Amino acid sequence: MITIRFYRCLLSPIIEEFLYFHDFTNIILIFILRFVGLIIVSIVFNKIVNKGLLEGQILECIWTIIPAFILVQIALPSISLLYLIEDAPHPDLTVKVIGNQWFWSYEYSDFWINNSVFSFDCYIIPEDRLILGSGRFRQLETDNRLALPFYTKIRLLVTRSDVLHSWTVPSLGVKADAVPGRINQINFVAPLPATLYGQCSEICGSQHSRIPIAVDFIPLKEWNIWRSEWFTSDTQEIKADVVPGRIY
Ligand SMILES: [Cu+2]
């Protein structure tokens, strides 16, 4: 099994759509910039003056309809993308993400241990505990990782316990503010096994840069093992590299 392990890569159908839309809009943008630039240059150097021209109905129609048509071309995929982000019928797994000063808590609300919800906290691994050459990223590794099955529809409910935070994983194309008194929902599917990283994207205090996000996407079978190991372990602390069979 080959596992992707990067800070930035595209690993979700949504982020791929973002990229297509970005490229498409850039093509239009380059066309407009070149066209308008060309006209400005030609106006500056043009010596032809038409003193009799007071109105031009056809010309005005053209220069209204064509830009309007271009705007519709941009608006339609943009709106459909917005719907795509929000739309998540029947997610397979729901996890509650709680932002704290300064760590993330995760609650698997569908799973319970001894009458308490299956939850854990993720703190940054400090620099002095990182071993040189171990392949771990500085400022991005956490002591526990959020483990999720890949090829599964995931819904995250993001909220906070103190101040504003923002749960962000660029590779999945998700960024959700953890807002006081509110629950934000994000949905994604990871098509491959991967370890992805993110960081809080809302200035939330002096340790804002010290609450990274590390997500493991693992096969459902391994995820079930991971979950049952957690249930049976005494310390209820799972090391970051617990998943067997991983090739980095
Ligand atoms: Cu934060």
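## Basis

Residue numbers start at 1 in each chain and follow the sequence as written. The model is predicted, so local features need pLDDT of at least 70, side-chain atom pairs count only at pLDDT 80 or more, and totals for chains, interfaces and linings use all residues.

Domain 1 gives four residues to the contact, and domain 2 gives five. Contact here means that two C-beta atoms, placed from the backbone, lie within 7 Å. On the domain 1 side, the touching residues are four nonpolar, no polar and no charged. Nonpolar covers Ala, Val, Leu, Ile, Met, Phe, Trp, Tyr, Cys and Pro; charged covers Asp, Glu, Lys and Arg; the others, Gly among them, are polar.

## Helix α2

Helix α2 runs over residues 57–86 and has 30 residues. Helices (H or I, at least four residues) and strands (E, at least two) are DSSP runs, numbered from the N terminus. From first C-alpha to last, α2 reaches 43 Å, close to the 44 Å expected at 1.5 Å a residue. That expected span is 1.5 Å times one less than the number of residues.

The number of buried residues in α2 is zero, so the helix lies largely in the open. Buried means 20 or more other C-beta atoms within 10 Å of a residue's own, exposed means 12 or fewer, and partly exposed is in between, with C-beta atoms placed from the backbone.

The peptide bond from Gln-101 to Trp-102 is cis, with omega near -5°. Trp-102 sits in the loop between β2 (93–100) and β3 (103–113).

Gln-139 is not a glycine, yet its phi is positive, about 70°. It lies in the loop between β4 (116–122) and β5 (146–149). Gln-139 counts as partly exposed because it has 14 C-beta neighbours inside 10 Å. Tyr-151, also not a glycine, has a positive phi of about 60°. Its loop joins β5 and β6 (154–160). With 13 C-beta neighbours inside 10 Å, Tyr-151 counts as partly exposed.

## A buried loop residue

Where is Arg-145? Its place is in the loop between β4 and β5. Arg-145 is buried because 25 other C-beta atoms lie within 10 Å. Arg-145 and Ala-214 are 69 residues apart in sequence, but 5.4 Å apart in space, C-alpha to C-alpha.
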